[in-house]
Amino acid sequence: MRTLIVYSTISGNTKAVCERIYSALNVDKKIIDIKNIAEVNLDEFKNIIIGFWCDKGTMDKDSIKLIKELKDKKIYFLGTLGARPESQHWKDVYENAKKLCSETNDFIDGLLIWGKISQAMMDMMMKFPKGHPHAPTPERIARWKDASTHPDENDFRNAEEFFKKLLND
Ligand SMILES: Cc1cc2nc3c(=O)[nH]c(=O)nc-3n(C[C@H](O)[C@H](O)[C@H](O)COP(=O)(O)O)c2cc1C
């Protein structure tokens, strides 16, 4: 029952959380960047943790492509996103990921972790004109600031505990 952690990341949040999960697991395991997934023989793994970054309310495209190619695996996800944990958007992202992970596989459980918005993304959004759906508003700027310290040590520990309970012997 080998375990594979495959992470997709643009600015490093998802990679950082997945590396902490990897270190916490005491099972036969491997971790890989989704960019290098062709190097892995997926037949060797029964348990797969998909580490995704949230893009437009769901899993990023590379993670969706991979999940659709997998069949009859035990699937877990670890997603990072910029929305507030108590928001409806957070719940929607969870449900969207759960649905994708259940289509052709045995979805076991998933965890979302708050992640900072990259400086490049914030710089881009600061230039959006008033009225643009992602234009900077006081609420949005406050949210970016609150997200800016995540994932923090508490988030890392939560992720470690979550996956240790599910996967450690
Ligand atoms: C193009 C783009 C789209 C994003 N869309 C969302 C979104 O719909 N909801 C959300 O909560 N966060 C969104 N984010 C924020 C990222 O999901 C968040 O910063 C994540 O932790 C990035 O992970 P990474 O550092 O592993 O790349 C978006 C970021 C980018 C760059």
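These are my notebook entries on a predicted model, taken one feature at a time.

**Entry: helix α1**

I began with helix α1, which covers residues 13-24. I checked its length: at 1.5 Å a residue, its 12 residues should span 16 Å, and the end C-alpha atoms are 17 Å apart, so the two agree. Next I listed its buried residues, which are Asn13, Thr14, Val17, Cys18, Ile21 and Ala24. They cover an arc of only 120 degrees around the axis, so they sit on the same side of α1. That pattern made me recall that an α-helix has 3.6 residues a turn, so residues three or four places apart point the same way. What do the buried residues of α1 pack against? I found strands β1 (2-7), β2 (29-33), β3 (45-55), β5 (74-81) and β6 (106-114), plus helix α6.

**Entry: helix α3**

I did the same for helix α3, residues 88-102. With 15 residues at 1.5 Å each, α3 should span 21 Å, and its end C-alpha atoms are 21 Å apart, which agrees. Its buried residues are Trp90, Val93, Ala97, Leu100 and Cys101. Seen down the axis, they fall within an arc of 95 degrees, so they line one face of α3. As for partners, the buried residues of α3 pack against β3, β4 (58-59), α2 (61-69), β5 and β6.

**Entry: glutamate 160**

I went looking for glutamate 160 and found it in helix α6, residues 153-167. Is this glutamate 160 buried or exposed? It counts as buried, because its relative accessibility is 15% and the cut-off for buried is under 20%. Leaving out residues up to four places away in sequence, glutamate 160 touches Arg20 and Ala24. Ala24 is also one of the buried residues of α1.

**Entry: cysteines**

I looked for disulfides next. A disulfide is a covalent bond between the sulfur atoms of two cysteines. How many disulfides does a search of the whole structure find? The count is 0. I wanted to know why, so I checked two cysteines. For cysteine 18, the closest cysteine sulfur is 12 Å away, in cysteine 101, which is too far for a bond. Cysteine 54 also has its closest cysteine sulfur in cysteine 101, at 13 Å, again too far for a bond. The cut-off I had in mind is sulfur atoms within 2.5 Å. Cysteine 18 is buried, with a relative accessible area of 0%, and cysteine 54 counts as buried at 17%.

**Entry: rings**

Then I turned to aromatic rings and got 4 aromatic pairs. Phenylalanine 162 and phenylalanine 163 form an edge-to-face pair, with 5.0 Å from centre to centre and 70 degrees between the planes. Phenylalanine 163 is buried, at a relative accessible area of 0%. I also noted an aromatic cluster made of Phe52, Phe77, Tyr94 and Phe107.

**Entry: glycine 110**

I finished with glycine 110, which is in strand β6. It counts as buried at 6% relative accessibility. Which residues is glycine 110 in contact with, leaving aside its neighbours within four places in sequence? I found Phe77, Tyr94 and Phe162. Phe77 and Tyr94 are in the aromatic cluster, and Phe162 is in the edge-to-face pair. I also checked glycine 110 against isoleucine 49: they are 61 residues apart along the chain, and their C-alpha atoms are separated by 8.7 Å.

Key. Residues numbered from 1 in each chain as written. Predicted model: local features only at pLDDT ≥ 70, side-chain atom pairs only at ≥ 80, totals over all residues. Heavy atoms only, no water. Helix = DSSP H or I, 4+ residues; strand = E, 2+ residues; numbered from the N terminus. Buried < 20%, exposed > 50% of the residue type's maximum accessible area, 1.4 Å probe, protein only. Contact = heavy atoms within 4.5 Å. Phe/Tyr/Trp six-rings, centres within 6.5 Å; stacked < 30°, edge-to-face > 60°. Expected span 1.5 Å × (residues − 1). Arc of directions from axis to C-beta.
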